[in-house]
Amino acid sequence: MDDGESRGDPRTVLGRLIDERGEDCASLSRLIGRNPAYIQQFIRRGSPRRLAEPDRQRLARYFGVPETWLGATAAALPAPVLLTVPVLDTAASAGPGAVGEDVPSAAGLGFSEQWLRRLRPGRGGGAGLSVIRVRGDSMLPTLADGDEILVDRSDAGDGLREGVYVLRVDGALLVKRLVREGDDGLAVRSDNPAAGPVDLVGGVDIIGRVLWAGRRL
């Protein structure tokens, strides 16, 4: 659901969220401490007419969406909570491997806690997140030299799937795309077709999934 679709009746919005996320009304009712039919009655019958503030807050946090989507007025919203994500003095290469230690710089970037929850549902807070630079052009047009990328180190285990990841190959950091190959395999690729194959001599360690990228214009 995009921001355009979010503007509308809160009952319709909640119903769409439930369908899109594969949730059910009874479980969400129990989540907020209500009887199993509570959410269904709110969506289908308009009873209650508005979600109580504690119920609205908990559902918004659970789905990782703004409370305004579920009926809050802008004036009633608290100030956004910003989490500081460390910026590391190292780079993940989109060209020749960059060797570097994961040393935090003196700087950090502030991200909205609610926005981070939307980026990675089910994972709260900023644990496992860091920001590093991209070096090289083998991931063009997706990533360019000098881009800052937000890396989720907690997304590097058994649940690997297609996407852009930071890898460590023979001590060097690379940013590459994992693509499905065969029935249950993943291959490492560059987005730039001129970059050629990726040399994986020395083995591959998955550092984390790239969630977001920012660049100077």
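Visitor: Why is W212 called partly exposed in this model?

Guide: Happy to explain, and bear in mind that this is a predicted model. The relative accessible area of W212 is 28%. Buried requires under 20% and exposed requires over 50%, so W212 at 28% falls in between and counts as partly exposed.

Visitor: What makes W115 and W212 an aromatic pair?

Guide: Their ring centres are 6.4 Å apart, and the cut-off is within 6.5 Å, so the two rings pair. The planes stand at 90 degrees; edge-to-face begins over 60, so that is the label here.

Visitor: How do you know that this pair links distant parts of the chain?

Guide: W115 sits in helix α6 (residues 113-119) and W212 in strand β8, 97 residues apart.

Visitor: And why is W115 called partly exposed?

Guide: Its relative accessible area is 30%. That value lies between the limits of 20% and 50%, so W115 is partly exposed.

Visitor: Is F111 buried or exposed, and what makes it so?

Guide: F111 has 7% relative accessibility. Since buried means under 20%, F111 counts as buried.

Visitor: Which residues do ring pairs link into a cluster?

Guide: The cluster is made of F111, W115 and W212.

Visitor: How many aromatic pairs are there by this rule?

Guide: The count is four. Among them is F111 with W212, edge-to-face at 5.5 Å centre to centre and 85 degrees between the planes.

Methods:
Residues are numbered from 1 along each chain as its sequence is written. This is a predicted model: local features need pLDDT of at least 70, side-chain atom pairs count only at pLDDT 80 or more; totals for chains, interfaces and linings use all residues. Side-chain values use heavy atoms; hydrogens and water are left out. Rings of Phe, Tyr and Trp (its six-membered ring) pair if their centres lie within 6.5 Å; planes under 30 degrees apart count as stacked, over 60 as edge-to-face and the rest as tilted. Buried means under 20% relative accessible area, exposed over 50%, partly exposed in between (1.4 Å probe, protein chains only). Helices (H or I, at least four residues) and strands (E, at least two) are DSSP runs, numbered from the N terminus.
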